[in-house]
Amino acid sequence: MVDNDYFITEDNVGMLKLAKEANSSLFDYRIPTIGMESTCSAAVENPLQMNGLPISIYAPETVGCVVVDSQGRCAAATSTGGLMNKMSGRIGDSPMIGAGTYAGELCGVSCTGEGEAIIRGTLARDVAAVMEYMGLGLQEAVDYVIKKRLDHGFAGMIAVSSKGEVAYGFNSIGMFRACATEDGFMEVAIWE
């Protein structure tokens, strides 16, 4: 399962609601490649733009990945762009094993969203703990953690189990995500 998600914030909730109603995305979140020129200078005449605005105003996106191999070994990785205008020295949830990223014998989990809420709930590790101690399946564990362990804040996660199950969950309007398997199955989604 590969996750290239743009977590939905209050700033773009209205636009995402319209996109969901229209069953299409209103924005192209890809960095434009047409008209880009190679340059080594620090000053660029035509800065990159997205949706007609300088690319520098957008916060970088979170990218997470969870995988399981043929022997049931799980791995997880998460890279965060952080929050726009974050406080100097602020540490996000992604580099904290157990909070934003976790992989163990039962599953691998990668989280995105409001880091403080993810850290308080140690969400990624909690999925494995719920599976182990409550005997829940992967999707049930993800749903439980999102609904019962996530306190105040928006968050989402992708997960894969050692048995090859794939799961996701989020409490926002949408979360960009994708899944691919070795037998050729592929899925890309934003909403439920």
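Predicted model: local features only at pLDDT ≥ 70, side-chain atom pairs only at ≥ 80, totals over all residues.
Local features were taken at pLDDT of at least 70 and side-chain atom pairs at pLDDT 80 or more, while totals for chains, interfaces and linings use all residues. Residues are numbered from 1 along each chain as its sequence is written, and side-chain values rest on heavy atoms, with hydrogens and water left out.

The protein chain holds four helices and 11 strands, which are DSSP runs numbered from the N terminus (H or I of at least four residues for helices, E of at least two for strands). Of its 192 residues, 35% are buried, where buried means under 20% relative accessible area, exposed over 50%, and partly exposed in between (1.4 Å probe, protein chains only). The accessible surface comes to about 11,500 Å², and carbon and sulfur atoms account for 56% of this area; such areas come from the Shrake-Rupley method with a 1.4 Å probe, and for residues only the protein chains shown count as cover. A contact means heavy atoms within 4.5 Å. Among contacts between residues at least 6 apart in sequence, 51% join residues at least 24 apart.

Turning to the sheet, four strands line up in the order S6-S7-S8-S9, forming an open, antiparallel arrangement; two strands pair if DSSP finds at least two bridges between them. Strands S6 (101-103) and S9 (166-170) each have a single partner strand and stand at the edges, so one side of each lacks a neighbour in the sheet. From one strand to the next, the twist averages 10°. Five bridges link strand S8 (residues 155-161) to S9 in the antiparallel sense, and isoleucine 158 has tyrosine 168 as its bridge partner in S9.

Axes here are lines fitted to C-alpha atoms, for helices over the stretch in contact, and angles run from 0 to 180 degrees between N-to-C directions.

A nonpolar core is a set of buried Ala, Val, Leu, Ile, Met, Phe, Trp, Tyr and Cys residues joined through side-chain atoms within 4.5 Å. The largest has 23 residues, of which Val109, Leu123, Val127, Leu138, Val142 and Met157 touch the most other members. At least two residues of this core come from each of S7, helix H2 (115-121), H3, H4 and S8, and H3 gives the largest share, six residues. Another core, of five residues, lies apart from it and includes Val66, Ile158, Val160 and Phe170. Beyond its neighbours within four places in sequence, leucine 138 contacts residues including Val127, Met131, Ala159 and Val166. Leucine 123 has its C-alpha atom 5.3 Å from that of alanine 99, 24 residues away along the chain. Alanine 99 sits in the loop between strand S5 (74-79) and S6 and counts as buried because its relative accessibility is 4%.

Finally, the annotations: UniProt positions follow the numbering used here, with feature names shortened, and they may be inferred rather than shown by experiment. The unreviewed UniProt entry gives an "active site" at Thr62, a residue of strand S4 (residues 62-68) that is buried at 12% relative accessibility. The unreviewed entry also places a "binding site" at Arg90, Ile91, Gly92, Asp93, Thr112, Gly113, Glu114 and Gly115. Threonine 112 belongs to strand S7 (residues 107-113) and is buried, with 2% relative accessibility.
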